[in-house]
Amino acid sequence: MDVVVIGAGLSGLTAAATLIEAGIRVTVLEANSKIGGRIQAVYDPSSNQAVADLGPTWIWPKYQPVAARWLNKLSIESFEQFNHGNAVITGYGPEPMYQPLPSQDGMVRVVGGPTALIETLAKRVGSPNIRTKALVTEVCENGAESVTIRLDSGEAISAHRAIMAVPLRIAATTIRLPWASHSILQAMRNTPTWMSTHAKAVVLYEGPFWRDLGLSGRIASQTGPLVEAHDHTNADMKSAALFGFVGWSPAQRQSAPKRLQQEILNQLSDCFGDAAAHPIDLVIQDWSTNPYIVTELDLAQTRNHPEVGPAILQEKQLDGRVWFAVSEVSERSPGLIEGALAIGESAALDLLQTVAATN
């Protein structure tokens with residue numbers, strides 16, 4: 001049995017690792033030059049350790065049993081999000097307000113960041129089984145028992161099954177799926193990718209000086225450019241950081257990148273003092289510019305948290321030869337880290353069950 005997994009993000013690698021554990025031959029195809037999807041990080045140039053997340057950060061194991069189980073399975077630890085002290089609240093009155101803001105119950109961070117999930121899963125899959133810069137252009141049937149996956153290079157790969165773990169709007173608009181009905185393609189186009197048009201700013205410092213001031217590192221702002229910010233210091237305290245979500249639109253961000261950086265430093269200085277104006281580094285990850293994640297439809301629509309995707313996308317496709325495995329169609333925590341783990345695992349297990357039933 002040969003299976004091709006299209007997409008080396010969290011859901012794709014989870015599916016691949018689950019299949020390999022069951023003895024299935026798997027090839028993972030990733031269009032980008034690196035794996036992880038939106039789980040990316042800033043790395044320390046000396047230690048090559050991840051020091052800040054550029055994509056998703058939090059999980060809630062207390063309420064997310066799938067995430068808790070996978071952390072345990074992969075021997076990855078978590079730690080509480082730092083939230084002690086006053087937050088800085090601006091734009092809600094003539095002067096900044098300083099007061100505690102409650103954090104979400106059970107919210108934790110992953111030791112090593114979510115990239116630890118990617119790196120550990122990739123080791124289980126094995127580097128020989130993962131191909132990057134492999135852009136898929138078509139998934140079509142090949143007889144009654146297999147599928148053919150075509151790449152932009154002209155290469156054609158034959159497999160018994162395929163799991164599509166790429167954003168559904170990207171798949172619907174860039175990958176030829178001649179077997180897909182109008183209703184399937186429409187459901188794919190109608191499924192937004194959560195936070196695909198967001199931008200995240202990470203600011204690295206020598207130490208978490210805001211803690212010494214009795215501040216939590218949190219900002220809630222109506223004036224921006226960061227609409228919210230949080231302490232992002234690592235569990236071992238070897239890397240201090242703040243991160244924030246940028247409130248400027250994609251067009252604003254891309255038209256004035258230097259101004260955006262300066263405005264962020266100005267805002268942090270206003271909130272936390274002059275020390276905030278002198279970081280080691282400031283990195284802005286604008287996901288709206290990534291063609292493997294964002295479509296024009298994503299940019300045109302209002303950003304809403306995804307609901308559970310339509311049932312037609314959770315079903316096996318092409319007589320059980322193709323599955324969709326993206327977080328947004330997960331029945332658990334759609335759009336979140338747990339959703340990616342859950343759908344990757346369930347797609348792989350459903351595939352295995354279907355194969356067993358036909359043998």
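In which sense do strand E15 and E18 pair, and over how many bridges?

Guide: The model shown here is predicted. Strand E15, residues 199–205, pairs with E18 in the antiparallel sense, and the pairing runs over six bridges. Within this pairing, Tyr205 stands opposite Ala240 of E18. Strand E18 itself covers residues 240–246. A further partner of E18 is strand E17, which consists of residues 226–231. E17 and E18 also pair in the antiparallel sense, here over five bridges. In this second pairing, Leu226 is found opposite Val246 of E18. As a general point, the side chains of a regular strand alternate between the two faces of the sheet.

Helix H1 (residues 10–21) and helix H3 (residues 115–125) have axes that come within 9 Å and cross at roughly 35 degrees. This crossing of H1 and H3 is left-handed. On the H1 side, the contact involves Leu10, Leu13, Thr14, Ala16, Ala17 and Ile20, which meet Leu117, Ile118, Leu121, Arg124 and Val125 of H3. The residues of this contact comprise nine nonpolar, one polar and one charged.

Two cysteines complete the view. Cys140 counts as buried because its relative accessibility is 10%, which lies under the 20% limit. Cys271 likewise counts as buried, at 6% relative accessibility. The count of disulfides comes to zero.

Note on methods:
Residues numbered from 1 in each chain as written. Predicted model: local features only at pLDDT ≥ 70, side-chain atom pairs only at ≥ 80, totals over all residues. Heavy atoms only, no water. Buried < 20%, exposed > 50% of the residue type's maximum accessible area, 1.4 Å probe, protein only. Helix = DSSP H or I, 4+ residues; strand = E, 2+ residues; numbered from the N terminus. Pairing = 2+ DSSP bridges. Axes fitted to C-alpha atoms, helices over the stretch in contact; angles between N-to-C directions. Left-handed = near helix turned anticlockwise from the far one by under 90°. Contact = heavy atoms within 4.5 Å. Nonpolar A, V, L, I, M, F, W, Y, C, P; charged D, E, K, R; others polar. Disulfide = S-S within 2.5 Å.
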